[in-house]
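I opened this model to record how its parts are arranged. The entries below keep to what I looked up.

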Amino acid sequence: MNIENLVRENIKKLKPYSSARDSFLEGTLLDANENGIGSVWDEYAVLNRYPDPNHRKLRQAASAYLGVNADQLFFGVGSDEVIDLLIRIFCKPETDSIMITDPSYGMYEVAADVNDVKVIKTVLDENFQLDLNDIREKVEAETKIVFLCSPNNPTGNLLKKEDILELVNDLNCLVVIDEAYMDFAESNSLKKEVRNFENLIVLRTYSKAWGMAGIRCGFSVASPYITELLYKVKAPYNLNMMTQKGILKAIENKSTKDSFVSTIISEREKVYSELAKMSGVKKVYPSEANFLIFEVENPDEVYQTLVKKEVIIRNRSRMTRLSGCLRVSIGNSEENELFINELRRIL
Ligand SMILES: Cc1ncc(COP(=O)(O)O)c(C=O)c1O
């Protein structure tokens with residue numbers, strides 16, 4: 001498969017905007033109409049200068065801990081930005097389509113709708129796994145991207161690696177694996193497979209295990225060709241200076257993330273076993289992520305009563321295959337205990 005054939009013609013021809021900081025980050029910088037005197041707020045970074053548009057330090061630092069090359073890494077304002085950019089690069093509005101699983105994370109469909117790109121849905125089977133035959137039947141010549149999420153939000157399970165790789169091999173389009181929650185099941189990541197398959201793209205985020213949701217940063221691992229396209233299309237200075245500094249700091253402190261992961265997994269197991277033995281909870285699904293999905297008799301009522309107690313979870317009971325289901329994020333131990341106590345009282 002030639003990936004170039006999947007790229008929109010206007011993007012292939014696009015002459016990217018040339019940012020001042022593309023060429024120079026140091027020296028007597030009189031090239032970008034910045035304020036050379038200083039900044040009204042400079043507590044965390046040198047904010048009077050534009051940030052590095054190519055995220056060079058960040059890509060180097062991430063490349064080292066991820067074991068992938070820096071030229072395979074693109075950084076966005078959350079992985080949500082990468083999702084939108086991929087659709088804009090590959091899908092012609094009113095003509096092309098993406099495929100998503102149902103249920104899954106809602107932003108793939110929203111980003112497609114914003115870009116006037118058709119969405120084809122494949123329903124996950126009763127174990128929340130891929131129905132490969134259904135996918136093969138429904139993929140069209142105009143389908144440019146299949147979005148898969150593993151561990152899947154909101155079901156919490158990993159998709160089978162062999163199914164994903166079979167699709168990557170068979171389909172004549174891109175397959176994006178959103179690994180937003182993979183820090184909680186790292187050994188299953190497909191990030192290192194990207195070098196073997198030009199049509200495979202892995203998305204990751206600092207918003208979950210790393211505890212950096214407020215800084216807005218996510219990234220893709222993709223072929224150098226696709227990575228270059230992403231850098232060509234993004235807004236000139238998408239990642240601000242504090243985000244770049246903050247993520248570099250986070251990477252230096254990766255061991256803190258690793259300890260968050262262990263704590264969250266052990267908290268998740270505690271919440272799981274409390275839910276499993278609670279009368280009124282019909283089913284709790286196993287999870288490889290930092291949330292659990294569980295089934296109750298009256299999800300709307302349970303949800304609303306929790307809201308009144310200011311315990312906020314997510315009502316997922318109207319999603320395909322999730323009738324009766326609520327999703328709870330694993331919080332800190334006090335939050336988890338409060339949630340369990342309130343839920344027990346309600347049920
Ligand atoms: C599966 C999945 N992908 C991506 C995101 C968005 O991540 P980010 O904060 O990096 O935009 C989320 C957020 O909930 C998610 O659940």
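The entries go from conventions to domains, then to sheets and helix pairs.

**Conventions.** I worked on a predicted model, in which local features need pLDDT of at least 70 and side-chain atom pairs count only at pLDDT 80 or more, while totals for chains, interfaces and linings use all residues. I numbered residues from 1 along each chain as its sequence is written.

**Domains.** I looked up the division of the protein and found domain 1 (3–252) and domain 2 (256–346); such bounds come from an automatic or database domain assignment. Their centres, taken over C-alpha atoms, are 29 Å apart. To the contact between them, domain 1 gives 18 residues and domain 2 gives 20 residues; residues are in contact if their C-beta atoms, placed from the backbone, lie within 7 Å. I then classed the side of domain 1 that touches domain 2 and noted 11 nonpolar, 4 polar and 3 charged residues. In this scheme Ala, Val, Leu, Ile, Met, Phe, Trp, Tyr, Cys and Pro are nonpolar, Asp, Glu, Lys and Arg are charged, and the others, Gly among them, are polar.

**Seven-stranded sheet.** I traced an open sheet of 7 strands, ordered S1-S7-S6-S5-S4-S2-S3, with mixed pairing. Strands pair if DSSP finds at least two bridges between them; helices (H or I, at least four residues) and strands (E, at least two) are DSSP runs, numbered from the N terminus. At the edges I found strand S1 (73–76) and strand S3 (118–123), each pairing on one side only. Neighbouring strands are turned against each other by 25 degrees on average, direction ignored. Strand S6 (residues 200–205) and strand S7 (residues 218–221) run antiparallel and are joined by 4 bridges; Arg 204 stands opposite Phe 219 in S7.

I also looked up helices on this sheet. Helix H7 (residues 161–170) lies across strand S4 (143–149), strand S5 (174–178) and S6, at about 155 degrees to S5. Axes are lines fitted to C-alpha atoms, for helices over the stretch in contact, and angles run from 0 to 180 degrees between N-to-C directions. Helix H8 (residues 224–233) lies across S1, S6 and S7, at about 30 degrees to S1.

**H4 and H5.** The axes of helix H4 (residues 78–90) and helix H5 (residues 107–114) come within 9 Å and cross at roughly 45 degrees. The two helices are therefore oblique to each other; angles under 35 degrees count as roughly parallel, over 145 as roughly antiparallel, 65 to 115 as roughly perpendicular and the rest as oblique. I listed Asp 80, Ile 83, Asp 84 and Ile 87 in H4 as meeting Met 107, Tyr 108, Ala 111 and Ala 112 in H5. This contact holds 6 nonpolar, no polar and 2 charged residues.

**Four-stranded sheet.** A further open sheet has 4 strands in the order S8-S9-S11-S10, paired antiparallel. Its edge strands are strand S8 (281–284) and strand S10 (314–315), each pairing on one side only. I counted 3 bridges between S8 and strand S9 (residues 291–296), and Val 284 stands opposite Phe 294 in S9. Helix H10 (residues 254–276) packs on the sheet, touching S8 and S9, and makes about 5 degrees with the direction of S9. Helix H11 (residues 299–308) also packs on the sheet, touching S9, S10 and strand S11 (325–329).

**H11 and H12.** H11 packs against helix H12 (residues 333–346) at about 125 degrees, with the axes 10 Å apart. That angle makes H11 oblique to H12. Val 302, Thr 305 and Leu 306 in H11 meet Glu 342, Leu 343 and Ile 346 in H12.

How values were computed. Contact = placed C-beta atoms within 7 Å.
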